[in-house]
Amino acid sequence: MKSGHLTQQDVARLLADPSPNSRTDLAAKLAQQFDSPELSQAEHKLAEDIIRLMVNDTVLRVRQTLAENLKSSPSLPRDVALSLARDVEAVAIPLLSVSTVLTPADLVEIVRSGAEAKSTAIAQRPTVPAVVADALIESGSERAVAALVANEGAELGEQSLGRVIDRFGASEAVQDPLVHRSRLPITIAERLVAVVSERLRQHLVAHHELPAKVASELILQSRERATVALFTGESDEGALDRLVGQLTRTGRLTPSLLVRSLCTGDIAFFEMAMSRMANVPLTNARLLIHDAGRLGLKSLYDKAKLPPALLPACRIAIDVLKETPYDGEPGDRERHRRRVIERILTQYEDLAPEDLEFLLAKLGDIMQPENAAA
């Protein structure tokens with residue numbers, strides 16, 4: 001071997017001086033040269049044999065040195081990588097953090113062993129395959145799952161993210177990185193809105209002495225505004241269908257949410273929601289909603305068992321959208337919302353007093369200055 005490489009003399013010195021310092025120095029030299037292209041086949045075999053012995057060294061510092069210097073080695077034998085990964089945390093974490101030798105099945109096994117620090121290291125790997133992410137979500141600690149959802153390299157699908165909320169929806173440590181992921185499925189974003197809103201409701205009741213009913217109504221309004229913001233401009237029918245289904249199951253597909261969606265021009269959400277509430281195919285719901293004879297909308301509305309007082313507002317919003325489609329210019333949605341509300345105001349004299357009171361209550365926060373600004 002060339003100078004600086006591991007030699008038979010190194011091994012001889014180790015045998016003559018088997019101190020921890022000597023073994024640690026040899027481990028570092030060995031690991032640093034393990035992937036060198038200058039090693040012959042025989043030299044590489046010698047290095048591998050010595051490493052196999054050293055992974056069982058009783059001195060922690062020796063094993064740590066091996067792990068730190070071999071963590072990125074692509075040619076490290078898998079059984080050696082597994083031995084190091086199953087070792088104590090100080091030895092295992094460097095390998096678990098980056099080693100490409102470990103398979104997804106190996107990582108799942110480590111996760112299921114229950115060691116929090118090891119699971120957290122796996123959650124922070126540059127890439128985390130879906131099967132490993134799911135194992136972390138099912139058996140990982142709050143800390144490990146928080147690290148996982150903060151990792152943009154983790155493969156997290158809609159169902160997996162839903163399970164995160166099932167387990168840790170009330171955890172601020174998990175909520176924060178989850179909310180800040182670069183992209184979330186619309187159903188997951190909606191569930192997060194509900195979770196955050198519930199926490200805010202508790203804060204209002206506890207710290208501002210608001211009656212629970214008043215706080216709940218404030219949260220319902222802010223939740224609906226946030227929900228509308230989620231589906232605004234959404235053109236994926238599958239995503240909208242899943243969102244409407246979720247809102248239905250959780251009791252959040254409210255009449256006021258439907259009016260709010262129309263006031264912001266989101267006819268696609270209104271169509272999907274009416275289809276679900278009236279239990280008719282989406283194509284039929286669209287035909288009835290846009291029926292020129294005006295009886296179609298009423299029949300669908302009645303079938304959905306929605307409050308009669310809101311039907312005029314829905315009809316006006318649909319008419320305004322037909323008459324003045326978006327122009328694509330900045331503020332077009334705000335201008336549409338203002339036109340809808342102005343048109344509804346002109347119809348008040350045709351409404352019964354009790355209907356007017358109901359409608360004003362439902363539209364009140366839509367008409368707030370920050371919501372009606374162009």
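Reader: Hi! Let's start with K298: is K298 buried, exposed or partly exposed?

Author: K298 is partly exposed, because its relative accessible area is 38%, which falls between the 20% limit for buried and the 50% limit for exposed. Keep in mind that this is a predicted model.

Reader: Thanks! Which residue does K298 form a salt bridge with?

Author: The partner is D302, and the closest N and O atoms of this salt bridge are 2.7 Å apart.

Reader: And where do K298 and D302 lie?

Author: Both are in helix α19, which covers residues 295–303. Four residues, about one turn of the helix, separate K298 from D302. D302 is partly exposed too, with a relative accessible area of 40%.

Reader: How many salt bridges does the structure hold?

Author: There are 15. One of them pairs R23 with D57, where the closest N and O atoms are 2.7 Å apart.

Reader: What does the pair of R23 and D57 tie together?

Author: R23 belongs to helix α2 (residues 20–32), while D57 sits in the loop between α3 (41–54) and α4 (60–70), so the pair ties together parts that are 34 residues apart in sequence.

Reader: Are R23 and D57 buried or exposed?

Author: Both of them are buried.

Reader: OK, what about R78: which residue is its salt-bridge partner?

Author: That's D106, with 2.6 Å between the closest N and O atoms. This pair links distant parts of the chain, since R78 is in helix α5 (residues 78–85) and D106 is in helix α7, 28 residues apart.

Reader: How accessible are R78 and D106?

Author: R78 has a relative accessible area of 41%, so R78 is partly exposed. D106 has 4% relative accessibility and therefore counts as buried.

Reader: Changing topic! In the largest nonpolar core, which residues touch the most other members?

Author: They are L96, L136 and L148, in a core of 58 residues. Helix α10 gives the most to this core, with six residues.

Reader: Why does this core lie between domain 1 and domain 2?

Author: Because domain 1 (1–85) and domain 2 (187–367) both give residues to the core.

Reader: Last one: where is M272, and is M272 buried or exposed?

Author: M272 is in helix α17, residues 267–278. M272 is buried, because its relative accessible area of 7% is under 20%.

Reader: What is M272 in contact with, leaving aside neighbours within four places in sequence?

Author: The contacts of M272 are E237, L240, D241, V244 and L282. As for R286, 14 residues away along the chain, 8.6 Å separates its C-alpha atom from that of M272.

Technical notes:
Residues are numbered from 1 along each chain as its sequence is written. This is a predicted model: local features need pLDDT of at least 70, side-chain atom pairs count only at pLDDT 80 or more; totals for chains, interfaces and linings use all residues. Side-chain values use heavy atoms; hydrogens and water are left out. Helices (H or I, at least four residues) and strands (E, at least two) are DSSP runs, numbered from the N terminus. Buried means under 20% relative accessible area, exposed over 50%, partly exposed in between (1.4 Å probe, protein chains only). Contact means heavy atoms within 4.5 Å. A nonpolar core is a set of buried Ala, Val, Leu, Ile, Met, Phe, Trp, Tyr and Cys residues joined through side-chain atoms within 4.5 Å. Domain bounds come from an automatic or database domain assignment. A salt bridge is a side-chain nitrogen of Lys or Arg within 4 Å of a carboxyl oxygen of Asp or Glu.
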